[in-house]
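Thank you all for coming. Please take a moment to look at the sequence and the model on the screen, and then I will walk through them slowly.

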Amino acid sequence: MKINKRAKREAEQLFRLCLVNRGLDENRVRHVVQRVVAADRRDSPAILSHFWRLVKLDVARHTATIESVTVVPADVQAAIEAGLMRRYGPRVTTIFAYRPALIAGVRIQVGSDVYDGSVQARLTALQKSF
Amino acid sequence: MRPEGILATFGVDWSHLLAQVISFGIVCVILYWFAYRPVLVMLEARRQQIALGLANAEQITAELARTEAQRQEVMVQANAQANTLIDQARAAAARVREQQTQKAIAAAEQITISAREAAARDHDRMLAELKREVGRLVVEATAAVTGKILTSEDQRRLAEETARRVAA
């Protein structure tokens with residue numbers, strides 16, 4: 001879908017309206033989407049598409065995916081969450097996932113930042129060095 | 001004795017003598033005019049002819065000598081030119097042979113260098129492939145056994161290490 005500059009500008013304005021204390025308010029997001037759909041403008045799909053992209057990026061920036069092979073001990077989980085909040089702010093939400101391909105260790109992804117302490121990453125680096 | 005006596009003794013008759021002298025003179029003139037003079041002319045012509053022949057012979061001899069000298073000179077020059085040409089041909093042949101030899105040596109060296117480079121490239125490629133294969137096997141083997149031999153303490157240590165990286 002082709003999104004023109006005007007639709008992008010309007011989507012960015014709507015996205016800013018959804019920010020409360022530098023955080024995204026889900027209720028406002030729902031309300032904005034309902035209003036845009038109800039308006040039934042010709043560029044509504046384009047506005048919603050760009051608005052969806054901005055929301056998705058914001059959620060990804062404030063969502064930390066913590067992948068591991070085994071259950072991470074509670075104290076280590078707390079340490080990781082504390083470190084993430086200190087680095088990315090208190091709005092960061094953490095999601096723990098099981099990923100046996102890591103072999104061992106923990107892999108954390110926040111937006112485009114990746115902290116990969118898994119054995120798989122080390123083996124991949126080792127294989128690339130050959 | 002008186003001259004008249006002597007003439008009388010020898011029987012000289014002046015009239016006869018005079019007539020004989022005149023007739024003798026006439027004969028001498030006739031002989032001179034019709035015999036002696038043509039002979040002299042003929043002898044002079046023969047003499048001139050002989051002199052001309054001798055001169056021609058000398059001239060021919062000189063001409064022959066000059067021609068011989070020129071021939072000898074031409075022969076010497078021809079020999080010299082022939083020797084020069086032979087020397088130049090030998091030098092050119094040696095130069096061409098040297099050039100061909102150098103070209104052959106350069107081509108052989110180039111072939112040797114290319115072969116060495118190709119061998120080195122093959123060696124490097126095979127070495128790299130071997131390293132990659134060894135690395136792959138090492139990684140596969142390590143991946144197969146690591147998850148089994150790591151204890152919970154090891155897992156905890158790895159997680160803590162990542163937590164420290166996030167906190168840093």
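Let me begin with a definition: a residue is called buried when its relative accessible area is under 20%, exposed when that area is over 50%, and partly exposed in between, using a 1.4 Å probe and protein chains only. This is a predicted model, in which local features need pLDDT of at least 70, side-chain atom pairs count only at pLDDT 80 or more, and totals for chains, interfaces and linings use all residues. Residues are numbered from 1 along each chain as its sequence is written, chains are lettered from A and ligands numbered from 1 in the order in which they are written, and side-chain values use heavy atoms, with hydrogens and water left out.

I start with a helix in chain A. Helices (H or I, at least four residues) and strands (E, at least two) are taken as DSSP runs, numbered from the N terminus. How far apart should the ends of helix α3 of chain A, residues 44–61, be? The expected span is 1.5 Å times one less than the number of residues, so the 18 residues of this helix should span 26 Å, and the end C-alpha atoms, 25 Å apart, agree with that. The buried residues of α3(A) are Ser44(A), Ala46(A), Ile47(A), His50(A), Phe51(A), Leu54(A), Val55(A) and Asp58(A). If contact is taken as heavy atoms within 4.5 Å, then what covers these buried residues includes α1 (5–17), β2 (23–24) and α2 (26–39) of chain A.

Ser68(A) counts as buried, because its relative accessibility is 7%. Leaving aside neighbours within four places in sequence, Ser68(A) is in contact with Ala97(A), Tyr98(A), Arg99(A), Leu102(A), Gly105(A) and Val106(A). The side chain of Ser68(A) also reaches the backbone oxygen of Thr70(A) at 2.7 Å. That is a polar contact, a pair of N or O atoms within 3.5 Å, where within protein one must be able to donate a hydrogen and the other to accept it, and where residues adjacent in sequence count only if both atoms are side-chain atoms.

Ala121(A) lies in helix α5 of chain A, residues 119–129, and counts as partly exposed because its relative accessibility is 23%.

Now to the charged pairs. A salt bridge here is a side-chain nitrogen of Lys or Arg within 4 Å of a carboxyl oxygen of Asp or Glu, and the structure holds 19 of them over all chains. In chain A, Arg6(A), Glu10(A), Arg41(A) and Asp43(A) are linked in a network of salt bridges. In chain B, Glu63(B) and Arg66(B) meet at 2.0 Å, N to O, and, being three residues apart in helix α2 of chain B, they are separated by about one helical turn. Glu63(B) is partly exposed at 36% relative accessibility, and Arg66(B) is likewise partly exposed, at 41%.

In helix α3 of chain B, Glu160(B) and Arg156(B) lie four residues apart, about one turn of the helix, and form a salt bridge whose closest N and O atoms are 3.1 Å apart.

Finally, how do the two chains meet? In this model 23 residues of chain B are in contact with 25 residues of chain A. The size of an interface is often given as the accessible area lost when the parts come together. Here buried area is the accessible area (1.4 Å probe) that two parts lose on being put together, summed over both, and chains B and A bury about 2,100 Å² between them, 67% of it on carbon and sulfur atoms. Across this interface the rule finds two salt bridges, and Arg122(A) forms one with Glu161(B), the closest N and O atoms being 2.7 Å apart. The elements that give two or more residues to the chain B side are α2 (14–149) and α3 (152–167) of chain B, and α3(B) gives the most, with eleven residues.
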